[in-house]
Amino acid sequence: MTMQKIKACIFDLDGVIVDTATFHYKAWKRLANEMGFDLTPEQNEQLKGISRMKSLDILLDIGNISKTDEEKQALADKKNNWYREYIREMKPDDILPGTIRLFNELKEANIKIGVGSASKNAKTILHQIGIENYLDSVIDGNKVSKAKPDPQVFLKGAQEMNEKPEHCVVFEDAQSGIEAAQNGGMYSIGVGSEKNLYKADMIIAGLHEMNISKLKHLEK
Ligand code: BG6
Ligand code: MG
C-alpha cells in the first residue's frame, strides 16, 4: 500500500511507546495461575489490544472456566490492581528507544501525533512518562465503546486531529490493532515480530527503526 501525504501518526501505547504489554501479560498470567491454568505467550497474543473485560472473557475461555458477571468484575479488578502496582514506578526512562527522537522529527515535519489505546490506564501512564505535551490527541479505553479490531479508537483520533484516515499512519503491536487501522482505512505499521503482525503494511522491531525519511518514502 502506498499512501497520500502523511498528516498524522497515531501510536498505540502498550507495547509501542512503553513496554507495558509485558506487565499486562504478567498480570493475566498470575490470574490464570491462581485459577489453576497457564497462559502461554502465544495465547497472550489474543489478549493484546482489546479491552480488559474482553481479555478476561478470552482468558476464561482458555481455562475453560465460567464465572458470573459479578465474579468477572472482581477478577478484572484484581488483575487491574496488580497491573497498576507494576506500572506505579514508571517514569520517562521507561519510554522505549527512538520514541522521543521520532516525535521530535514528526513535530519538525508538521505531522500530528496521537495516541490510540484500549487502556483505561493510558492517561496515568502518559502522565508518568511525561509525553503529554507532544500529543495532539489521546483516545483511550474510556472514550471508546467498540474494541479493536473495530476502527473507532483510531477514527476518533483522526477526527480529533481534523485529518482524514487516508492521511494517517498507525503504529501497533497487536493483531487486533493492525486490523483496526486497516478497517479504518489507515496505513498500518506493525511494531514487533513478523509472526504475529504479518497483516501489517510494514513491520518494524521498534520505533527506533522508524524515522521521518522512511515515513516520507511511503508517500505516493
Ligand atoms: C491494551 C492492551 O492497550 O489495553 C491490553 O494491549 C489491555 O492488553 C487493554 O487489556 C486494556 O487495558 P486496561 O489498562 O484498561 O486494563
Ligand atoms: Mg499494544
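Reader: In which loop is the place of asparagine 64?
Author: This is a predicted model, in which local features need pLDDT of at least 70, side-chain atom pairs count only at pLDDT 80 or more, and totals for chains, interfaces and linings use all residues. Residues are numbered from 1 along each chain as its sequence is written, chains are lettered from A and ligands numbered from 1 in the order written, and side-chain values use heavy atoms, with hydrogens and water left out. Asparagine 64 is not a glycine, yet its phi is positive, about 55°. With helices (DSSP H or I, at least four residues) and strands (E, at least two) numbered from the N terminus, asparagine 64 falls in the loop between α3 and α4.

Reader: What is the omega of the peptide bond from lysine 148 to proline 149?
Author: Proline 149 belongs to the loop between β3 (137-139) and α7 (152-160). The bond that joins lysine 148 to proline 149 is cis, with omega near 15°.

Reader: What is the volume of the largest cavity?
Author: A cavity is a set of 1 Å grid points where a 1.4 Å probe fits but cannot get out, and its lining residues have an atom within 4 Å of a point. Counting those of 30 Å³ or more gives 1 cavity. The volume of the largest cavity is about 320 Å³.

Reader: Which helix supplies the largest share of the lining of the largest cavity?
Author: The lining has 24 residues, and those nearest the centre are Asp14, His24, Leu47, Gly49 and Ile50. By class, the lining holds 7 nonpolar, 9 polar and 8 charged residues. At least two lining residues come from each of α1 (21-34), α3 (52-62) and α4 (69-87). The largest share, 4 residues, is that of α1.

Reader: Which space does ligand 1 take?
Author: Around ligand 1 there are 13 residues, among them Asp14, Lys120 and Asn121. This shell is made up of 3 nonpolar, 6 polar and 4 charged residues. The space that ligand 1 takes is the largest cavity.

Reader: How much of ligand 1 does the protein bury?
Author: Oxygen atoms of ligand 1 lie 2.6 Å from a side-chain N or O atom of serine 119 and 2.7 Å from one of arginine 52. A backbone N or O atom of isoleucine 50 is 3.2 Å from an oxygen atom of ligand 1. Ligand 1 taken alone exposes 390 Å², and the share of this that the protein buries is 97%.

Technical notes: On a 1 Å grid over the protein atoms alone, a cavity is a set of points where a 1.4 Å probe fits but cannot get out, and a pocket is an open set with protein on both sides within 12 Å along at least five of seven lines; lining residues have an atom within 4 Å of a point. Grid points are joined across faces, edges and corners, and a volume is the space filled by probe spheres set on the points. Ala, Val, Leu, Ile, Met, Phe, Trp, Tyr, Cys and Pro count as nonpolar, Asp, Glu, Lys and Arg as charged, and the others, Gly among them, as polar. A residue is near a molecule or strand if one of its heavy atoms lies within 4 Å of it. A polar contact is a pair of N or O atoms within 3.5 Å; within protein, one must be able to donate a hydrogen and the other to accept it, and residues adjacent in sequence count only if both atoms are side-chain atoms. Accessible areas come from the Shrake-Rupley method with a 1.4 Å probe; for residues, only the protein chains shown count as cover. A molecule sits in a cavity or pocket if more than half of its atoms lie within 2 Å of its grid points.
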